[in-house]
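Welcome! Here is a short briefing to read with the structure beside you. Take your time and look for each part as it comes up.

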Amino acid sequence: MLGDGERRRSTPQGEYKMTGTRWVDVEFAVTGTGLPVDHGYALFGALCRVVPQLHERRSWAVLPIQGSHAAAGLIHLGLRSRVTLRLPVDAIPEVVPLAGQDLVVDGHRLKIGVPTISVLRPASVLKAHIVLIANALDPREEEPAQRASFQKAVEARVRSVAEDGAELV
């Protein structure tokens, strides 16, 4: 059932629930010496120990912490390193308890600082470390025409989601 201000939009790729909800990035300053490059799951686990409802909120996102590459599979944390959670604006009070916490992420100690909040804005360029697409074919097995057609379909879907501020349901 849809609430006030919500509508559904169907596309060949899936159905999206459109909401009037504003999404934000809640960025917590973080200090520590370093982390493994692939720290996403361990970070999620450490955050869930402080904010258990993170497990239940499937639409929320935990972004990887950025840092400079250090020795053998590690990143060094710097002044701009942040723990970033993407969530609806009305959920901010649920994650504020992270401020001031000491976390252990894959054996590395982190101190979480005070959050800053930024509203999501449309971007002309999107970057991703890894992109997974359900039912996608291995591009090495496709013909060039199929690859080009698939690429156009993916770009159209990303544009549609970015323009509408939609959430995949």
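In which sense do strand β3 and β10 pair, and over how many bridges? Strand β3 (residues 23-31) pairs with β10 in the antiparallel sense, over seven bridges. This is a predicted model, in which local features need pLDDT of at least 70 and side-chain atom pairs count only at pLDDT 80 or more, while totals for chains, interfaces and linings use all residues. Residues are numbered from 1 along each chain as its sequence is written, and side-chain values use heavy atoms, with hydrogens and water left out.

**The whole protein**

- The protein has three helices and eleven strands; helices (H or I, at least four residues) and strands (E, at least two) are DSSP runs, numbered from the N terminus.
- Of its 169 residues, 24% count as buried, where buried means under 20% relative accessible area, exposed over 50%, and partly exposed in between (1.4 Å probe, protein chains only).
- If you take the contacts (heavy atoms within 4.5 Å) between residues at least 6 apart in sequence, 69% of them join residues at least 24 apart.

**Strand β3 and its partners**

- Two strands count as paired if DSSP finds at least two bridges between them.
- Within the pairing of β3 and β10, Val-24 has Val-119 as its bridge partner, and Val-26 has Ile-117.
- β3 also pairs with β8 in the antiparallel sense, again over seven bridges, and here Glu-27 stands opposite Thr-84.

**The β9-β10 hairpin**

- Strand β9 (residues 102-105) pairs with β10 in the antiparallel sense over four bridges.
- The two strands form a hairpin with two residues between them, and Asp-106 in the turn has a positive phi of about 55°.
- Leu-103 stands opposite Leu-110, while the bridge partner of Val-105 is His-108.
- In a regular strand the side chains alternate between the two faces of the sheet.
- In β9, Leu-103 and Val-105 make up the covered face, whereas Asp-102 and Val-104 make up the uncovered one.

**A closer look at Ile-112**

- Ile-112 lies in strand β10 (residues 108-119) and is buried, with a relative accessible area of 2%.
- Leaving aside neighbours within four places in sequence, Ile-112 is in contact with several residues, including Phe-28, Val-83, Leu-98 and Leu-103.
- Ile-112 and Phe-28 are 84 residues apart along the chain, yet their C-alpha atoms are separated by 6.2 Å.

**Helix α1**

- Which residues of helix α1 (residues 40-50) are buried? They are Leu-43, Ala-46, Leu-47 and Cys-48.
- The cover over these buried residues includes β5 (61-63), β8 (82-88) and β9.

**A three-stranded sheet**

- Three strands form an open sheet in the order β4-β7-β6, with antiparallel pairing.
- β4 (34-36) and β6 (68-69) stand at the edges with a single partner strand each, so one side of each has no neighbour in the sheet.
- β6 is joined to strand β7 (residues 74-76) by two bridges, and the bridge partner of His-69 in β7 is Ile-75.
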